[in-house]
Structures are given as C-alpha cells and as structure tokens.
Amino acid sequence: MDKIRDIISENTLMGQLVTLFLVIVAIIILVWSFHKVIGRMTKRGLDPAAVPLITDLFRYSLYVIGLLVGLNIFGVNTNGILAMIGAASLAIGLALKDTLSNVASGILLLFLNPFKAGDYIECGNVKGKIGGIGLFNTTLKTTDGLYVSAPNSSLWGAPIVNFSRNKVRRLDLSVGVAYGASLDEVFDIFRKMVAAEDRFLKDPASAIFVENLADSSVNVSVRVWVRASDFPSLKREYLEKIKKLLDEGKIEIPFPQQVVYLKQD
C-alpha cells in the first residue's frame with residue numbers, strides 16, 4: 001500500500017491525474033444523484049417547467065466548481081483567477097447584461113410561478129403551451145405545433161395572461177339577428193340551448209342579453225361559465241350550433257348592408 005502511495009503521490013503527474021479522475025467521477029455521481037432527486041420531487045408535485053432551470057443552475061455551478069478544483073490539482077493559483085474575475089465583474093456584467101437579465105428573469109419566474117408546465121399563456125406577441133423554463137429561455141408549443149423559444153426577460157418584462165391557471169372561464173357567444181326578428185323567440189332559443197348543455201355551469205349563472213344595436217343587426221350575447229379544459233371545444237361547437245338553431249327557428253342573421261337614397265333635382 002505504501003508503494004502505491006509513493007507511485008501515486010499528489011505531487012506527481014500520475015497522482016494529479018488520478019485525483020482529477022476521482023473528481024470527475026464524483027461530479028458524474030452528483031449529477032446522477034441530482035437527476036434522481038429531481039425525478040422524485042417531480043412525482044411529488046414539483047412543476048416540470050421548473051426542472052430545466054434548476055438542472056441548468058446545478059450543472060453549471062458544478063462545472064465551475066469542478067474546473068476550479070481541477071486547476072487547483074495542477075497547481076494553478078485559482079485565487080488569482082477569482083481576483084481577476086472580481087475585478088473584471090463590472091465589465092463582464094455590462095458585456096453580458098442581456099444574458100444575465102435572462103438568468104435573473106428565469107429565477108424570478110421560477111419562484112413567483114406565474115405559469116407551470118402545460119399552461120397556455122399569452123405574453124405580448126408570444127403565445128403557446130409552456131414546455132419548460134431554461135436558464136436563458138422559456139420554451140413553448142403553439143396550437144399549430146410550432147416550437148417557440150422566448151428569452152426569459154421578454155416574459156418577465158410584460159404582462160402574462162395565463163388561460164389555464166383558473167379552473168373556470170366565461171364563454172361569450174355573440175350573434176347578430178335582424179331588427180325584424182322577435183327577441184322573445186331568440187332569447188327562448190338560447191335559454192333552451194343553455195339548459196340542455198350539462199357542460200355549462202349553473203354557478204356562476206348564465207346571462208342572455210342584447211349587447212348593442214348595430215347598423216345592420218341587433219347583437220345578442222350569451223355568457224356562460226365553463227371549465228377551462230372545455231372552453232376551446234365548446235366555443236367551436238356552439239358557434240356552429242347557434243347558426244343551426246337560428247336557422248331552425250327561422251331567425252335571420254343579417255349581413256352588413258347600407259340603404260342608399262338617390263335624390264333627383
């Protein structure tokens with residue numbers, strides 16, 4: 001054993017390489033253990049959208065520590081390197097202002113949690129279903145299957161509309177009927193339609209009213225409350241259904257028109 005220690009001395013190149021190898025093995029074990037812990041935390045309720053950011057922060061921190069340890073093994077004075085980095089931190093911060101802003105925004109999004117994985121959000125010109133929050137960007141998937149990568153700072157610096165956070169949403173269905181149509185008949189058609197649909201919630205109560213008197217039509221609105229998960233399908237379904245119900249009731253849906261009078265001198 002003493003002979004092995006003499007051959008693999010910390011002051012020899014062989015000893016330094018062996019020590020470096022052990023450090024790399026330790027880092028690999030730590031990364032593997034970290035992924036295991038994150039997997040268990042995800043099963044216990046950790047938001048999957050936060051996993052990429054947490055993983056990136058841990059991995060890059062571990063890489064930096066491993067690099068410093070490796071330099072120390074080979075006798076490099078890391079204190080001098082850290083002092084140089086500290087002295088140059090202002091210049092580095094200015095040069096990487098946007099990058100550091102994305103990192104800070106990602107951390108704030110992680111802790112304040114305005115959305116989670118699978119939520120459909122709209123933020124400025126960005127909209128889609130959340131995939132995950134990374135160290136520098138957040139990934140989304142649009143309804144037509146496109147991949148969107150948005151800088152974290154762009155999401156943090158603008159109002160976020162989360163369409164999935166609340167369990168209940170209001171569905172507004174509006175249609176214009178002719179001025180000659182009977183409003184009592186129109187309201188009766190809509191009341192029966194609402195009463196026949198189990199997916200429309202009873203509380204909050206629905207509302208049917210005249211929204212406004214337009215140039216060519218009387219615009220009637222039907223407001224019902226539905227579960228957020230049912231909202232897209234119900235909206236598509238009932239835009240078509242309202243048209244069919246009004247056709248069956250012989251209620252005219254007028255198109256925009258103007259009446260022009262010609263006056264002859």
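Helices (H or I, at least four residues) and strands (E, at least two) are DSSP runs numbered from the N terminus.

This is a predicted model, in which local features need pLDDT of at least 70 and side-chain atom pairs count only at pLDDT 80 or more, while totals for chains, interfaces and linings use all residues. Residues are numbered from 1 along each chain as its sequence is written, and side-chain values use heavy atoms, with hydrogens and water left out.

Strands count as paired if DSSP finds at least two bridges between them. Strand 6 and strand 8 (residues 218–227) run antiparallel and are joined by 10 bridges. Within strand 8, asparagine 219 stands opposite glycine 176.

## Strand 1 and its partners

Strand 1 pairs with strand 2 in the antiparallel sense over four bridges. Cysteine 123 has valine 126 of strand 2 as its bridge partner. Two residues lie between the strands of this hairpin, in which glycine 124 takes a positive phi near 65 degrees.

Strand 1 also pairs in the antiparallel sense with strand 5 (residues 161–162), over two bridges. There, valine 161 is the bridge partner of glutamate 122.

## The largest pocket

The largest pocket holds about 400 Å³ of space. Of its 14 lining residues, the closest to the centre are Tyr120, Thr143, Phe163, Arg169 and Pro232. A pocket is an open set of points on a 1 Å grid over the protein atoms alone where a 1.4 Å probe fits, with protein on both sides within 12 Å along at least five of seven lines; lining residues have an atom within 4 Å of a point. Grid points are joined across faces, edges and corners, and the volume is the space filled by probe spheres set on the points.

Strand 1 (120–123), strand 2 (126–133) and helix 9 (231–248) each supply at least two lining residues. The lining has five nonpolar, four polar and five charged residues. Ala, Val, Leu, Ile, Met, Phe, Trp, Tyr, Cys and Pro count as nonpolar, Asp, Glu, Lys and Arg as charged, and the others, Gly among them, as polar.
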